[in-house]
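Keep the structure open beside the text as you go through them.

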Amino acid sequence: MPELPEVETMRRGILPIVGSRVRDVRRARCAKRPIVVVPRLDVFRRRAVGHSIRSVDRSGKRLVVRLDTLDAIVFEPRMTGLVLLAAPPTSEHLRLRIALSGGESDELLFWDRRGLGSVRLVSPGEFEKRYGAEKLGPDALSLSTGELRSRLAPSRREIKVALLDQRALAGVGNLYASEILHRAGIHPALRCDRLRIADWERMLAAMREVLEAAIRHEGSTLSDGTYRNALNEAGGYQNYHRVYDRAGQLCASCGKGS
DNA sequence: CCCCAGTCCTGCGGGC
DNA sequence: TGCCCGCAGGACTGGG
């Protein structure tokens, strides 16, 4: 479930690790089934240990920790993954520990209840191949109306489905697609090629507003409570949802029940 | 190009 | 009370 605002919140939360050095990388003993870690841990360790962290970036829904070697550690949270500097929600689903030295935090953790996420150490060439412009569209926060329209408008797909296509634009998932379309007043089942220019303009404005507000409130922690920031604190944007995870509640627009 | 079904996985809640 | 099953939906794969 972590989408752009949640991953951006994680990114900001772990910024203090910039300048630290990777001391060790190991799987957590508690995890029942291992998550995907590529390359094999001994190779991963050999390439990362002793190197310092140059930057922490976000690429769509992935968190990218770049090393001074230009290799990058890419965290992919998928549905339930968290990148943490503090103690995780449970020790049971802790998956990977990256020990650090030379900064305020001595450990970066990857926790994932469902275990669908992954952690990869990639060279610049591999990064381009896996996460480059061929695989990932422009970031949803830096997209222009013209770009959005030229990428989606020719399609016959439903607009909601198209917004989830990471090759068209990066960072939007099911939750924020629903909120964005509701705010823009566009029916999710409307075909892309039926939208008018004014619709694309309203949609882009709604996208910015929703994503920026969600970042301000540090993401959405749904009723299942899974999502937390880097310090294991819940987000607040769920209180501002107008449609997602609100079944059975009063309408946020008109105050009526369903 | 686009679409769909299946895959991974855990926890939760509905139904009986 | 307990068990089964469907669902959650992100990324990916294979087939139409």
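**Notes on helices, sheet and DNA surfaces**

1. The axes are lines fitted to C-alpha atoms, for helices over the stretch in contact, and angles run from 0 to 180 degrees between N-to-C directions. Helices (H or I, at least four residues) and strands (E, at least two) are DSSP runs, numbered from the N terminus.

2. On the α4 side the contact is made by Thr145, Leu148 and Arg149, and on the α7 side by Trp200, Glu201, Met203 and Leu204, where contact requires C-beta atoms, placed from the backbone, to lie within 7 Å.

3. Residues are numbered from 1 along each chain as its sequence is written, while chains are lettered from A and ligands numbered from 1 in the order in which they are written. As this is a predicted model, local features need pLDDT of at least 70 and side-chain atom pairs count only at pLDDT 80 or more, although totals for chains, interfaces and linings use all residues.

4. Helix α1 (residues 4-14) also packs against α7 (residues 197-216), here at an angle of about 40 degrees and with the axes 9 Å apart. The two helices, α1 and α7, are therefore oblique to each other, and their crossing is right-handed. Leu4, Pro5, Glu8 and Thr9 of α1 make the contact with Leu211, Ala214 and Ile215 of α7.

5. Which strands form the open sheet, and in what order? Four strands do so in the order β1-β7-β8-β6, with antiparallel pairing, and two strands pair if DSSP finds at least two bridges between them. The edge strands, β1 (21-27) and β6 (81-84), each pair on one side only, and the twist from one strand to the next averages 15 degrees.

6. Strands β7 (residues 94-101) and β8 (residues 107-112) pair over five bridges, with Arg97 opposite Leu109 in β8 and Leu96 opposite Phe110. The hairpin of β7 and β8 has five residues between the strands, and Gly102 in this hairpin takes a positive phi near 85 degrees. On the other pairing, β1 and β7 share six bridges, and Arg21 stands opposite Ser101 in β7.

7. The residues around DNA strand B include Lys32, Arg33, Arg113, Arg114 and Asp224, a residue being near a strand if its C-beta atom, placed from the backbone, lies within 6 Å of it. By class, this surface near DNA strand B has two nonpolar, two polar and seven charged residues. Ala, Val, Leu, Ile, Met, Phe, Trp, Tyr, Cys and Pro count as nonpolar, Asp, Glu, Lys and Arg as charged, and the others, Gly among them, as polar.

8. Around DNA strand C lie residues including Met1, Lys61, Arg78 and Asn174, and the surface near DNA strand C divides into four nonpolar, four polar and two charged residues.

Notes: Parallel < 35°, antiparallel > 145°, perpendicular 65-115°, else oblique. Left-handed = near helix turned anticlockwise from the far one by under 90°. Contact = placed C-beta atoms within 7 Å.
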